[in-house]
Each structure stands twice: as structure tokens, then as C-alpha cells.
2 protein chains.
Amino acid sequence: MEPEFTYPFSETVNHLKSSDIRDLMKYAIHPDYISFAGGMPNNHLFPVDEVEEIYHNLPRDIKELAFQYGPTTGYPPLREAVKKYMESKGISFENHDVLITTGSLQGIYIISELFLDPSDTVLAELPSFIGALTLFKSFQAHVEGVPMDRDGLIPEKLRHAYKKQNNVKFLYAIPNFHNPAGLIYSKERREFILSFIKENNLVLLEDDAYNELYFDEEDRALTRPLLAMADEQTAKQIIYAGTFSKIFGPGFRLGWLILPKGIFNKAEIIKQSLDACSPNFSQVIADTFLREGYMEKYLERIRPQYKLRRDLVLQAVRKYFPEEVKYVEPKGGFYLWIELPGQVEAKKVLDYALDNGVVFVLGKSFSPDDSLVNTFRIAYSNVETDEIDKAIRIIGEGIYKAMSEVGV
Amino acid sequence: MEPEFTYPFSETVNHLKSSDIRDLMKYAIHPDYISFAGGMPNNHLFPVDEVEEIYHNLPRDIKELAFQYGPTTGYPPLREAVKKYMESKGISFENHDVLITTGSLQGIYIISELFLDPSDTVLAELPSFIGALTLFKSFQAHVEGVPMDRDGLIPEKLRHAYKKQNNVKFLYAIPNFHNPAGLIYSKERREFILSFIKENNLVLLEDDAYNELYFDEEDRALTRPLLAMADEQTAKQIIYAGTFSKIFGPGFRLGWLILPKGIFNKAEIIKQSLDACSPNFSQVIADTFLREGYMEKYLERIRPQYKLRRDLVLQAVRKYFPEEVKYVEPKGGFYLWIELPGQVEAKKVLDYALDNGVVFVLGKSFSPDDSLVNTFRIAYSNVETDEIDKAIRIIGEGIYKAMSEVGV
């Protein structure tokens with residue numbers, strides 16, 4: 001037998017690691033498991049008929065455009081529609097511009113390429129979005145996790161982390177309906193973040209994927225983007241990442257970056273090499289979806305559905321989980337974050353749950369240094385309502401079992 | 001006035017350059033210009049009605065899947081359909097597997113990330129696809145252009161270039177209906193490339209974007225991929241990049257890599273950070289398009305259309321261009337490559353053409369070192385047939401003018 005061929009890998013390749021969620025996902029899509037694992041919209045709520053209607057009604061020349069290459073910065077009408085939409089949330093485009101991206105993860109990739117050299121530091125919330133953490137590490141950056149309380153990043157912890165680290169290139173934060181922590185930043189904490197980046201000339205990457213998914217109209221005001229709250233100078237330090245994944249469908253792979261004009265052209269050049277342009281077909285459809293009011297109606301339909309799932313989960317948690325378990329009641333979004341007493345390993349709970357047909361993601365997956373072993377995330381967005389009580393009961397049994405094993 | 005904010009750019013950013021085609025593209029989409037600039041399918045030939053039919057007939061659960069995140073490696077039925085399609089071209093999946101990419105450019109990006117460290121070398125045809133050249137350079141690689149004749153890469157030139165360069169990581173080649181050179185490799189030259197990579201343990205990245213666009217059935221046999229021709233061991237050194245851009249529509253942003261199994265997992269991890277997964281909506285539609293015979297019918301419809309444009313362009317070139325101009329008659333694809341006498345600058349011809357409402361791309365854009373100043377590319381794919389004669393006449397006038405200025 002001939003020897004295997006030796007591939008001339010780059011040095012970067014050694015720093016690539018597979019996300020540890022990957023293995024778990026085989027359970028998440030397995031029909032025999034009830035899954036709280038996937039951070040994804042509900043399969044049965046997508047606007048599948050609306051898209052058929054939208055495509056059918058497009059003029060022929062626009063349909064043809066949808067099949068063609070488009071500008072690297074995005075389909076021009078969609079860029080305008082996104083600007084108008086973001087202006088309605090208080091964001092000004094005086095010093096910023098919109099770049100359409102192939103999902104918001106590509107946006108985060110572009111920002112990483114813009115700023116990160118090996119051994120640079122990114123400050124991120126602890127816990128944080130696993131996709132971003134994996135990505136930052138693939139750039140050989142050090143990710144420093146900064147603890148949060150129920151109102152967001154803890155001021156003294158952020159100050160401490162910033163002082164401790166060299167070459168901090170940016171702060172990555174998810175102020176609204178945080179993935180995975182399920183919390184929303186208080187107004188005071190938002191103001192603190194703004195004064196902190198101003199004082200320290202720090203760039204902020206604001207990931208606002210869940211902005212629209214508030215459950216109660218009265219909480220809408222809480223979701224105001226930091227970019228909208230910032231003064232004109234501070235706004236230049238803020239990059240905002242939005243996505244159609246939660247307000248339309250992840251399958252279109254569409255997001256956007258709102259970039260200070262000083263970095264827009266560089267970001268466009270990076271985007272050009274990544275995939276030339278985002279899918280024009282998706283962009284043409286999303287443009288009509290946003291512009292002609294389909295999105296607003298769709299959101300009105302799905303908010304109560306996610307709220308219902310949140311309610312059912314909380315109801316079951318109160319019924320089946322021991323009192324020692326801590327959590328923040330989510331006011332929106334997809335996630336409930338569970339903290340067990342310090343000495344109890346969430347892994348034991350997951351083992352029990354998997355044995356009994358239920359799956360979720362361990363908290364340590366969302367930590368840059370595998371800490372948070374006593375936590376886990378329940379994503380209630382893509383479960384059937386009639387399965388919630390049973391599944392939470394099983395997790396509760398697992399918690400009692402794990403606690404008793406360590407004598408809690 | 002406050003000072004502008006200074007962004008903490010990475011070192012990589014300094015190596016990013018905008019493709020010089022970008023500025024030209026404003027003419028390419030301007031209604032007052034006849035454009036031979038864009039290397040893109042014809043706007044009016046896309047299967048816009050077929051897609052409506054395909055979506056309409058999809059079962060509800062598949063429509064829902066189209067809106068959701070999918071596996072990083074691709075929508076499983078599409079991966080199977082692509083394998084079957086590629087097997088029909090003689091490619092074996094004994095030691096290879098398919099990764100769906102967001103356009104073939106993303107595939108080339110993934111391969112670059114896999115192999116390229118700064119100051120590594122990529123061997124590429126001279127001229128070559130500008131998107132790939134720009135991308136390789138963004139990785140701070142040196143791109144060594146290797147001259148071609150009408151049959152493909154010239155053996156002694158390739159041997160010489162390989163010997164001269166250190167850290168050659170791979171050879172990038174486009175054997176079928178080359179962009180921008182418009183030629184197809186002869187069987188002998190294909191065999192030479194295979195024996196060359198075998199002898200030198202060199203990786204080959206085979207870009208086969210134009211495989212299906214032969215004009216005459218008898219030329220079909222010429223398009224056999226190098227990966228299909230290679231022996232089992234040599235095949236492990238070959239990565240094949242395919243795309244739906246020319247057989248369906250670039251707006252779906254779908255391509256595929258056929259990867260030796262020894263690098264598949266690493267490529268998947270890179271893909272995960274780039275955009276998590278390719279657009280599932282595009283993938284679900286493309287799967288039906290390929291699987292249910294829509295693609296074959298579509299290709300039968302478009303081949304004669306592109307052939308017609310090739311014929312009209314050649315007819316006009318014979319009529320209006322001076323005898324000193326050299327070119328190879330394309331047997332397929334989108335491009336006619338024009339070589340002027342050595343001392344004549346194509347830039348002068350372009351200036352004249354732009355003044356008279358015609359646009360094309362200079363040959364030096366396709367050269368890694370801005371050589372080839374006496375060449376240009378005519379992309380005839382996306383022009384109206386009744387504009388060709390006039391536009392080629394104008395270019396011809398420009399050539400005579402440029403030649404007379406240098407006394408040819």
C-alpha cells in the first residue's frame with residue numbers, strides 16, 4: 001500500500017477546533033429526542049406561504065436580478081430598506097453605512113478579520129454565543145470572558161478584565177435577549193457600557209440578533225440598540241450586527257453590519273473575498289418581506305408563540321426543579337439559562353436527560369475557558385408546546401439526582 | 001471638532017486591496033453602455049418560472065427546512081445529488097466527499113485558509129480568475145503566474161515556475177472554458193498536469209465552473225475533470241471546486257468542494273466559522289433543480305444561446321479587428337481573450353470604447369503582476385445579440401486607433 005499523501009497545511013489550521021456542540025446536534029435533530037439544544041426559530045412558524053406570494057408577485061426583471069450576482073455591499077433596495085428599518089430604532093446613518101452579510105456570523109467574521117491579529121484579546125460576556133467564541137479563537141485571539149449579573153456585564157468585572165489584558169481589540173456584547181443567558185441589559189448598564197468604551201477608546205461589536213423578540217409591548221423600549229443611544233463620537237466606535245435569521249429565516253443566510261464609515265470600504269474588500277456577494281435571491285425576497293410589511297405581521301404572529309413556550313417552560317421549572325436552582329425569567333428571545341448549586345455538574349444532568357430522551361446544551365460550551373460547569377441552556381424556541389412539561393420534568397429529575405450524588 | 005477615532009486594525013488589513021474591476025463595474029451595469037465586462041450568465045435566460053414551480057410543489061416540511069439552519073457540510077439530499085451528478089462525470093467518492101459552499105469563491109477561500117501562510121506561493125495560470133487572485137493575495141501569498149498557450153499551461157513554464165519558487169502550496173487551474181482565456185485544455189495537457197502534480201507531490205485546486213457550457217456535443221468529452229482522469233493516489237492531491245452559478249444562477253450563492261477525505265473535517269471547521277452553513281433555501285431549490293432534471297433541460301436551452309453569442313462575436317471580430325490581433329475561438333463558456341500586438345496597450349482601446357459606450361475588462365486585471373497590458377477579455381455571455389456587431393465594431397476602431405498611435 002502506498003503511503004498517505006501529506007497535505008501542506010497552514011499554521012492557522014492547527015488553531016482550528018470543532019465546536020463541541022456539533023456532536024450534540026445529532027440528538028437535537030433526532031426524532032426520538034425532545035430538543036432544547038438548537039438556538040433556532042421554530043420550524044413550524046416560518047412564513048412559507050408569504051414567500052411563495054412574494055416571489056409570484058415580483059416583476060420579471062426583479063426575478064431575473066434575484067438569480068444574478070449582486071453588488072458586494074448588498075442589493076441596493078435591501079440596503080435602503082434595512083437603513084429605514086434601523087432608523088425606526090433610532091440609529092442614524094450620518095456616520096454609518098449598511099453592509100449586507102451572509103448571516104450575522106459572516107459579519108462577525110469580517111470584524112475579526114478587520115481587527116484581530118494572533119494573541120490579541122476580545123472581551124466577551126461570560127457566557128457568550130458559541131459561534132462567535134469559536135470564530136474569535138480561529139483567529140488565534142484570546143477571548144476573555146467577563147461575568148454578568150441579571151442586568152448585563154458587571155461594571156467592576158469589565159474594568160478589571162480590560163486592565164488585565166493587553167491588545168484588547170473590541171468588546172463583543174449581546175444586549176438584547178442574550179444568547180445563551182436569556183437576559184436583557186438594563187438602561188443603566190447600557191449607559192455604563194457606552195461610557196466605558198468612550199473612556200477607553202474601545203470598539204464595541206453589538207450583536208442584536210434577538211432585538212425584535214420581546215414578549216410584551218411594554219418591554220419594547222428596553223431593546224433600544226446601544227448604537228442608537230450613543231452620542232455621535234461614541235457611535236463611531238460601535239459596529240452593529242443584525243440578522244434576518246430570527247425575523248425571517250436562517251435558511252436565507254442574511255444579516256447586516258452597520259459600520260462606521262471609516263471602516264466600511266475595508267469591510268467591503270474582506271466581504272468580496274469571502275463570497276463576492278450575499279445570495280441575491282434571498283436579498284430580493286427579504287427586501288419585499290421587510291418593505292411591504294410582511295415582517296411586522298410575521299413578528300406579531302410569532303411573539304406570542306415564543307412567549308407561550310417561555311411561560312410553559314417557567315411553569316414546569318417551578319414545578320419540577322429544586323429551589324436551589326437559579327435563573328432569570330426571559331423577557332424575550334429563545335433561552336432560559338439555568339445555574340445549579342456550585343458543586344453540581346450540569347454534565348450529570350445532561351447524561352440523565354439524554355438517557356431519557358431529552359437534550360440541551362451545557363453552559364461550559366458558552367465559556368471561552370470551559371468554566372460554568374454548573375450551568376446549562378434551555379432553548380425553548382423549537383419545541384412542541386405539549387412536550388415541554390414532560391421534558392422539563394425529566395431534566396428536574398436529573399437535577400435532583402445530580403444534587404443527591406454530591407450531597408446537596 | 002473632535003479628532004477622528006483611530007481603529008485598531010489587524011496587520012492583515014494592510015494587505016487587502018480592492019479588485020480593480022470594481023470601478024469598471026459601474027459601466028457594466030449602466031444602461032447607456034454595452035457591456036462585455038461582467039463574467040456572468042445572461043440575465044434573461046435564468047429559470048425564473050421553474051423555480052416558482054419547484055417551490056410551489058415542495059412538501060410543507062421541506063419548505064420549512066428551507067427556512068431553517070442546516071448542517072455545515074450542506075443539505076444532505078443536495079450533497080447526495082451533487083455526488084451522483086459528479087459520478088456521472090467519472091468522479092469517484094471512494095476517497096473524497098462533498099462540502100456545499102456559499103459559491104465556489106468561498107470554496108477557494110476555504111482552501112486558502114487550509115494551506116496558505118504569509119509568503120507561501122500559489123501557482124496560477126497567467127491570466128487567471130481575478131476573484132481567486134485577489135483572494136490568494138489577501139492571504140499574503142505570492143501568486144506566480146504561469147503562461148499558457150492555446151492548449152493550457154505550458155509544461156516547461158510550469159516546471160520552471162515550480163522550481164523557482166519556495167513553499168508552493170498548490171496549483172490553481174481552470175481547465176474548462178477558462179476564465180478569462182476562453183480556452184479548454186487538451187487531453188495531453190491534462191495528462192501532463194496530472195503527472196506533474198504526482199511527480200512533485202503538489203496539490204491541485206481544479207476550478208471547474210464552466211464544465212457544462214460546451215457548445216457542441218462532440219466537445220463534451222473534452223471537459224472530463226482532471227479529478228476523474230487521475231489515478232487513485234493522485235486523486236488524493238486534487239480538490240475540485242464546482243458551482244451552481246453557471247448552471248442555475250449566481251444569486252443562489254451555491255457551490256461545492258470535492259475534498260479528499262484527509263482534509264474534509266478541517267474544511268468543515270473553517271466553513272463553520274465563515275457562515276455556519278450555506279443558504280438552505282437555495283440548497284433545497286437547487287436540490288430539486290438538479291435531481292428532477294430541470295438542470296439538464298435548462299442547459300439544453302442555454303448552450304445554443306451562448307454559442308450564438310460566441311458566433312456573432314467571432315463574426316464581428318473577423319470583420320472589424322485587424323489581422324494582427326490574436327485570439328483562440330472559444331468552444332464553450334463566456335469569454336473571448338484578445339491579444340494585441342506587443343507594443344499596443346489595451347488601455348487605449350478601453351478608453352476609446354468607454355468614450356463610445358462599450359466596456360470590457362483589461363487583461364492586466366487577470367494578471368497577478370499587472371502584466372499582459374496588450375490583452376483584454378470580451379465576456380459575451382450577458383449582451384443582447386443585436387448589440388454585438390456595433391459594439392465589436394467600436395472596439396475594432398479603438399484597436400486601429402491604438403495601433404496607429406504606436407505606429408503598428
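## A tour of two chains

Select Lys326(B): this residue stands opposite Glu339(B) in strand 11 of chain B. This is a predicted model, so local features need pLDDT of at least 70 and side-chain atom pairs count only at pLDDT 80 or more, while totals for chains, interfaces and linings use all residues. Residues are numbered from 1 along each chain as its sequence is written, and chains are lettered from A and ligands numbered from 1 in the order in which they are written.

**Stop 1**

Helices (H or I, at least four residues) and strands (E, at least two) are DSSP runs, numbered from the N terminus. Two strands pair if DSSP finds at least two bridges between them. Show residues 335-339 of chain B, which are strand 11; this strand pairs with strand 10 of chain B in the antiparallel sense over 2 bridges. Now show the whole open sheet in chain B: 4 strands in the order 10-11-14-13, with antiparallel pairing. Strand 10 (326-327) and strand 13 (361-362) of chain B are at the edges and have a single partner strand each, so one side of each is left without a neighbour in the sheet.

**Stop 2: strand 9 of chain B**

Select residues 255-260 of chain B. Are the residues of strand 9 of chain B buried or exposed? In this strand, 6 of its 6 residues are buried. A residue is buried if 20 or more other C-beta atoms lie within 10 Å of its own, exposed if 12 or fewer, and partly exposed in between, with C-beta atoms placed from the backbone. Gly255(B), Leu257(B) and Leu259(B) are on one side of strand 9 of chain B, and Trp256(B), Ile258(B) and Pro260(B) are on the other.

Strand 9 of chain B has antiparallel pairing with strand 2 (residues 96-101) of chain B over 6 bridges, and there Ile100(B) stands opposite Trp256(B). Strand 8 (residues 238-243) of chain B is joined to strand 9 of chain B by 4 bridges, also antiparallel; here Ala241(B) stands opposite Leu257(B).

**Stop 3: where the chains touch**

Show both chains. Two residues are in contact if their C-beta atoms, placed from the backbone, lie within 7 Å. How many residues of chain A are in contact with chain B? There are 67 residues of chain A in contact with 67 residues of chain B. Helix 11 of chain A gives the most to the side of chain A that touches chain B, with 9 residues. The residues on that side of chain A divide into 29 nonpolar, 24 polar and 14 charged. Here Ala, Val, Leu, Ile, Met, Phe, Trp, Tyr, Cys and Pro count as nonpolar, Asp, Glu, Lys and Arg as charged, and the others, Gly among them, as polar.

Next, select residues 60-67 of chain B, which form helix 3; its buried residues are Leu65(B), Ala66(B) and Phe67(B). What covers them includes helix 2 of chain A together with helix 12 (280-291) of chain B.

**Stop 4: two helices of chain A**

Select residues 76-87 of chain A. This is helix 4, whose 12 residues reach 17 Å from first C-alpha to last, close to the 16 Å expected at 1.5 Å a residue. The expected span is 1.5 Å times one less than the number of residues. Leu78(A), Ala81(A), Val82(A) and Met86(A) are buried in helix 4 of chain A. They cover an arc of only 130° around the axis, which puts them on the same side of helix 4 of chain A. The arc is that of the directions from the helix axis to the C-beta atoms. On the face turned away from the buried side of helix 4 of chain A are the exposed residues Lys84(A) and Glu87(A).

Move to residues 388-405 of chain A, which are helix 15 and have end C-alpha atoms 26 Å apart. Among the buried residues of helix 15 of chain A are Ile388(A), Ile395(A) and Ala402(A). The buried residues of helix 15 of chain A pack against strand 1 (34-35), helix 13 (294-320), helix 14 (346-355) and strand 12 (358-359) of chain A. After helix 15 of chain A comes Gly407(A), whose phi is positive, near 75°.

**Last stop: Ala141(A)**

Select Ala141(A), in the loop between helix 6 (130-138) and strand 4 (142-149) of chain A. Ala141(A) counts as buried because it has 25 C-beta neighbours inside 10 Å. Not counting residues up to four places away in sequence, Ala141(A) touches Leu116(A), Asp120(A), Thr121(A), Val122(A) and Phe136(A).
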